[in-house]
Amino acid sequence: MCMVIFAPIFAICAFATCGGYYGHLQVKVDCADSRPSNRSIVIDFGYPFRLHQVHFKAPLCDAKRHEILFLDGDYSSAAQFFVTVGVITFLYSLLATVVYVFYQNKYLKNNRGPLVDFVVTVIFSLMWLVSTCFWAKALTDIKTATKPTKVLLLISACSAQENKCTAAQEPLWSRLNASVVFGFINVILWVGNIWFVFKETGWYKMGHRYPTRSSSGKREMRQRLYSESSFEQSFDDAFAARPSRQNSFNQPGGHFGQQAYRPGGFNQSQVSCDLPQTYLGQPVSYDSKGGPQGPMIILNDK
């Protein structure tokens, strides 16, 4: 939300302070003779800073004539590139504001909106960085080219020692300096917004949905699996060591048979006559093959 509020404001401040600049400088030429001369020379220049097209008239002290001179340098590419980035950024910020406010559902649909916004934010961050650095270097060259002492070197009358040439007024650079400052503020603003836009993309959400385990987490998981496997192995060994119930029945002289058929272990006098009598025969019967089949119980109903 902060990006939506501040991006258009700083974009306007950046291209307005650069694109609307208009400055001038003034020099004076005093010839040694008494003949009248153009003692004051005012040179105007401004955006897009095609200084090689800025011309002015300078007097020739040895005759009643003037010469036409031009400044040096063409810095229109850097200035226009900086202003163009500012204008495009301003328009995109307005469009993004409308989408965020009125088309939030379509913006988040299929994750296309956040991805496009992330790519555009990265592109604008690079464009602001390149254009601001380019413009800052061009501004330094403009200050050098429009310095009054350097302009005096272009005038032929100032090469003679008997003539007096002075710098009357220098251009004001506060507005152009502010444009460079606003440019770097836009760089910081857009670069910082990359992280917030990236959090809205599917790449960030996918990374948090399937987080990667650290080395300590992997070590803890291996220890837990090893402990569980050791417990299962010890449990299986203990269960396998216990004799089965069927083996206890099949043993002819086993402990179970001794308790079941011990003499005196069953008292018939304590059984009511109304209940069926149980006849305990031989505890073990053998088939034709001679193999044990277990105890046999015969019930006689009265």
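S77, A78, A79, F81, F82, V85, G86, I88, T89, Y92 and Y100 of α2 are in contact (heavy atoms within 4.5 Å) with D117, V120, F124, M127, W128, V130, S131, T132, F134, W135 and A138 of α4. By class, this contact has 16 nonpolar, five polar and one charged residues, where Ala, Val, Leu, Ile, Met, Phe, Trp, Tyr, Cys and Pro count as nonpolar, Asp, Glu, Lys and Arg as charged, and the others, Gly among them, as polar.

The model is predicted: local features need pLDDT of at least 70 and side-chain atom pairs pLDDT 80 or more, while totals for chains, interfaces and linings use all residues. Numbering starts from 1 along each chain as its sequence is written, and side-chain values use heavy atoms, without hydrogens and water.

**Exercise 1.** Work out how α2 and α4 are oriented to each other.

*Solution.* Start with the axes (lines fitted to C-alpha atoms over the stretch in contact, with angles from 0 to 180 degrees between N-to-C directions). Those of α2 (residues 76-102) and α4 (residues 112-145) come within 9 Å and cross at roughly 155°. Next, apply the cut-off: α2 and α4 are therefore roughly antiparallel, a term for angles over 145 degrees.

**Exercise 2.** Find the residues that I155 touches.

*Solution.* Leave out residues up to four places away in sequence; I155 then touches V27, V29, I41, F56, A58, E67 and L69.

**Exercise 3.** Describe the setting of V181.

*Solution.* First, locate V181 in helix α6 (residues 174-198); helices here are DSSP runs of H or I, at least four residues. Finally, the C-alpha atoms of V181 and T132 are 8.8 Å apart, across 49 residues along the chain.

Key. Helix = DSSP H or I, 4+ residues; strand = E, 2+ residues; numbered from the N terminus. Parallel < 35°, antiparallel > 145°, perpendicular 65-115°, else oblique.
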